[in-house]
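Thanks for making time for this.

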Amino acid sequence: MTTAITDHTVVYAGGDKKIHYLAAGPVKGPLILFIHGWPGTAITWKAQIDAFAGLGFRVVAPDMPGYGKSTARRVADDYTQEALVEGMMALLAHNNRPAAIWVGHDWGAGVTSSVATQHPEAVTALVNLAVPFHTIELGWDAFLPLVDRELYPADKYEYGQWDYMKNYEENFEKTITWFDSDIAGFCKAAVQKSPGPPSSRFAAGMATVRKDGGWMGGIPKPPDVTVTGPPVLPPEVFDSFVADMSKTGFWPGSAYYLHHKRNAEYNGKAPSGGKLTQPVLFIHAAWDRVCDTKGSRLAEPMRRVCNRLTEITVEAGHFLHFENPGEVNAALTRFIVEELPDQWPGFWDSGYTKKKALM
């Protein structure tokens, strides 16, 4: 059965900005928001849109600010966590709901974490993929100390596997020019299927971007589409994703990386002190060598501040919802059933009852 997906737009910030989003499933179904990261657009959640709309949830996936059909100005201030949270609250209000289940990946997880930090009343549950709560949304001081210094000695790798992030701060325009020189080629190279468990946790390339003079060892431009294997996304989804990225280029979405200090100041003033009492699910990407939550201490802050935390590991690389959507969807489904039974479609009018007959 083909899922009916519709396009919508919410205008906010006094009419200066808009967010385009995809929606599917019953309008009155429990609301799940899927928030993509870098790089990505709404359509890259297609496997989750189909699965959860089919179960009876109302599913919403936006093109995040800076991507696709949403406002994508070359204005760095548009991409602070504070500005992004404003957009997310407008998105929630546009769907006429006071709260939702928020699911985020990569920088999308940073944004969902910021929403949970600043507006816990708007978060029925938080689900982060690859990037734990209480890390990236709090700036450098929150996650840089968690680098595995046995793997990345400070005298050689000051920023550990996060060197590519520092590169944005020091060489932003040069880096964007490189990405934009072959958008299709870079996108295809970025979403290759993981070869399996890595032989080393060392993030070769990502930890040496500045030393190498750029991404992928400092090669002059991204690999041509003809030299990489098939993308892990379905062909029609990949083509739509590339078209979206070609529309905006990489400048707006990459500007998310420019605000560590401002993000720390913003989220450091959390009403609850950054602690969460609602259910939280974290899905580890077992083979992710950058957001390495299995071999480093990256997940420890989350464990200290979430008192209803569930964790599960999926054998995949960073883009785990692309590589292994079945397991990711199963993990989210089980989490909702066990931790949020009143959010299951139909529960509010018929409940879920079991009876045993006397034999």
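Glu 338 sits in helix 13, which covers residues 325–339; helices here are DSSP runs of H or I with at least four residues, strands are runs of E with at least two, and both are numbered from the N terminus. Please keep in mind that this is a predicted model, in which local features need pLDDT of at least 70 and side-chain atom pairs count only at pLDDT 80 or more, while totals for chains, interfaces and linings use all residues. Residues are numbered from 1 along each chain as its sequence is written, and side-chain values use heavy atoms, with hydrogens and water left out.

With a relative accessibility of 49%, Glu 338 counts as partly exposed, because that term covers the range between buried, under 20%, and exposed, over 50%, using a 1.4 Å probe and protein chains only.

Now the sheet: eight strands form an open, mixed sheet in the order 1-2-4-3-5-6-7-8, where two strands pair if DSSP finds at least two bridges between them. Strand 1 (6–12) and strand 8 (309–314) stand at the edges, each with a single partner strand, so one side of each has no neighbour in the sheet. Strand 3, residues 31–35, and strand 5, residues 100–105, run parallel and are joined by four bridges, and Phe 34 stands opposite Val 103 in strand 5.

Finally, Ala 243 lies in helix 8, residues 235–248, and is partly exposed at 46% relative accessible area. Ala 243 and Ser 181 are 62 residues apart in sequence and 15 Å apart in space, C-alpha to C-alpha.
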